[in-house]
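This briefing covers pockets, cavities and helix packing in one protein model. Please read it alongside the sequence and the coordinates.

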Amino acid sequence: MNKEDIYMIFRTKMGDSALRVYRERQFLANLNSEEFCFDLSSVFSELQDQCNILVHSKKCTLDGNLVNNLIQSNISKETLAQIETLLSLSEQDVWNILFVGLEHFLQLFDIVVSIEEERNTDYLKTYIIDYSIGVAFGAFCSSKQECKTLDFIERMAEIPLPGFFETFCLDEDVIKQIISNVNPLDLLKQNRYFSPNGSAETYLEDFRTTNVDEVVGNIESYLAHEGFFPIESIFYVLSRQLIEKGKIALWTDFIQKMKFPVLQNELLFVLDDSCMCERIVGCVLEKVHEDKKVKVLLALLRKRWYQCLIDNSKNLIDAVKLNGANDEEKKLIGNCSKEWIQSLVEKLNVYIGYMLKAFSASDFSKWCLKKKLLDSSRQTTQSEANNRIVNTLWDCLLQIVDWHQLDTSNGDYRFVLFCVSCYLKEKNIDEKQLNKYASEMEIAIEREDFSWNMSLDESTLSDIRKWNKLIMKLDKGYPQHLLQNNLIIWEGYNATSLDKIYKAQRRESFVMTTLALMLENNEYFSNLDEKKKFFMFLAQTILKQKHCCTFDSETIQYYYLPLFVLELVANQVFNEIQEWYHHKLLENIDDFKTILRLFTNAGSSLTESERTMLSYRKQKEWAIIRGCMEDLGQNQKNIPAYEEMMVKLGI
């Protein structure tokens, strides 16, 4: 195997499976595979004579002794010796593992091997033999005319035989037959998502009549809700084989024949290597001027390419930590990971360059800046990989795209904040431009697709602080204006509509949390009294909204975070307001558990009078709360946690 083939394995396979696949390929590379395939072809020929495995007309049973004799009479001494050496097995163990491998192979064809007792083998080494038999069978079938039919290929596509399609090449005539037989509308109707009468036709009409740019901008709405849309196995096989054989132009014709995004996206799941995505996009770009709908395919490829970058990065991080790798394998993985990190900027520059040939700088930048950083506090390989790609992508984007030319109107709030942070680095700041960005931020958080993760992870804090830098440049009355414009109206004739309440609560919580975090910036306030007034105004507004909220279960979710930020501010950087705030919380928050969480999570220090107030509430409320939690079985496990909080708070 060459270096690139090895590196591709560790990029595209997860954890232990990467090591297993590498060892399978390495075994065949070191084995005289032609001789091994020749030996097994004799076994397959005899099985064909006895069981007709190529047609597989009916189930049958083979005697174990017969299978054993088949192997021992056809596997050469040279092949046997090579397997012994490569797998570090005794001669008897090799016979056993070949028998078990052939038994597994026959089971796939519903052929039962009758044996007196199970043969014990190393299951990891059995995987290697299973794969090798699949490769040999693929080579065997490639030489048989009866295997060139569409029926045979469709049957084999349904059989999970590893390695088979690596050596079995689809006949050109069969490929053309498969592509010519594609009927996208029929494929839609066969699936349960579109099985109700008229659903497929509605989807088709919507896709036909919608502007291409609108389809691209809302591409997720044209895909399956669960993220996958199962189609016939033969299509996955053809898609993968065309890609692996480098027949990109033919693959492009095939995927274009699928016509609809939901079908095209399904074929892209066979793509697991970002380097291959790069080659494909380069080819597809050549057709973007011939057919506007190619832009939809490029949007799907953009999505898949980005996911491959994250997956490839994660797989390499996991591979470096593999326990089962030997010293040579660890060195290979280490070199692969090092090269990946060193080439990442170059890969993303190529990615951005290709995308800017198909999409405007504004559209592509908006798409990029919707990508979220994950909470890195848990130190998972997923967050490490995701954040490495996202941060590098943003850095590369800033180097390539002139942000001055970006259109921020009706943009996602992260996109607007990206432009804001760039603008605030300029020497000359224009008040009109600041007001324009402020207005666009308000529009952005009112969009239907606005969402935030309601946590204080690195990404969220970064976004909030960017917005605060803008707010600090505006009129002193702007924070109050912003808050009033985004408060939910819980009561009265003009109350916020229930069908809009979910989005409104998330937006309100985001604004409250942003303004609460402004209190960490002492330079914004003229003096201590101004800061106190702002703190009190914000705290009283949040507590009033919490009190008016008609959904008790939502109180913690939407009002807890801004209250928690205020508690952090009071506890860490604004001690002068702490006593006032603690009394307000104790007097106005009805839920005793919420108060415990606020004080404990913020690491608050309580005065003696505050402990007395909290102890009084514990005495009156905790027994009732505990009884309710015990009645609700799923909440019973949380009782010790709350009791521990009370101990920490000294009550």
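Helices (H or I, at least four residues) and strands (E, at least two) are DSSP runs, numbered from the N terminus. The model is predicted, so local features need pLDDT of at least 70 and side-chain atom pairs count only at pLDDT 80 or more, while totals for chains, interfaces and linings use all residues. Residues are numbered from 1 along each chain as its sequence is written, and side-chain values use heavy atoms, with hydrogens and water left out.

**Second largest pocket**

- α13 (212–217), α18 (294–320), α20 (361–368) and α21 (381–400) each give at least two residues to the lining of the second largest pocket; a pocket is an open set of points on a 1 Å grid over the protein atoms alone, with protein on both sides within 12 Å along at least five of seven lines, and lining residues have an atom within 4 Å of a point.
- The largest share of this lining, 9 residues, is supplied by α18.
- The second largest pocket holds about 930 Å³ of space, a volume being the space filled by probe spheres set on the points, which are joined across faces, edges and corners.
- Its lining has 33 residues, and V216, G217, R302, W367 and K370 are those nearest the centre.
- By class, the lining of the second largest pocket comprises 9 nonpolar, 10 polar and 14 charged residues; Ala, Val, Leu, Ile, Met, Phe, Trp, Tyr, Cys and Pro count as nonpolar, Asp, Glu, Lys and Arg as charged, and the others, Gly among them, as polar.

**Largest pocket**

- The volume of the largest pocket is about 1,500 Å³.
- A set of 45 residues lines the largest pocket, with K13, R25, E166, R240 and E244 nearest its centre.
- Two or more lining residues come from each of α1 (3–12), α2 (15–30), α7 (123–142), α8 (150–157), α9 (164–167), α14 (233–244) and α17 (274–285).
- The lining of the largest pocket contains 24 nonpolar, 7 polar and 14 charged residues.

**Cavities**

- There are 5 cavities of 30 Å³ or more, where a cavity is a set of points at which a 1.4 Å probe fits but cannot get out.
- The largest cavity contains about 70 Å³ of space.
- The largest cavity is lined by K372, L373, Y413, R414, W452, N453, S459, T460, D463 and F510.
- α22 (413–423) and α24 (458–471) are the elements that give two or more residues to this lining, and α24 has the largest share, 3 residues.
- The lining of the largest cavity divides into 4 nonpolar, 3 polar and 3 charged residues.

**Helix packing**

- Helix α19 (residues 327–358) packs with α20 at an angle of about 135°, and their axes are 9 Å apart; axes are lines fitted to C-alpha atoms, for helices over the stretch in contact, and angles run from 0 to 180 degrees between N-to-C directions.
- α19 and α20 are therefore oblique to each other; angles under 35 degrees count as roughly parallel, over 145 as roughly antiparallel, 65 to 115 as roughly perpendicular and the rest as oblique.
- Y351, I352, M355 and L356 of α19 meet A361, F364 and W367 of α20, contact meaning heavy atoms within 4.5 Å.
- The residues of the contact of α19 with α20 are 7 nonpolar, no polar and no charged.
- Helix α25 (residues 478–485) and helix α26 (residues 501–517) pack at about 160°, with axes 9 Å apart, which makes α25 roughly antiparallel to α26.
- P479, L482 and L483 of α25 and V511, M512 and L515 of α26 form the contact, whose residues are 6 nonpolar, no polar and no charged.
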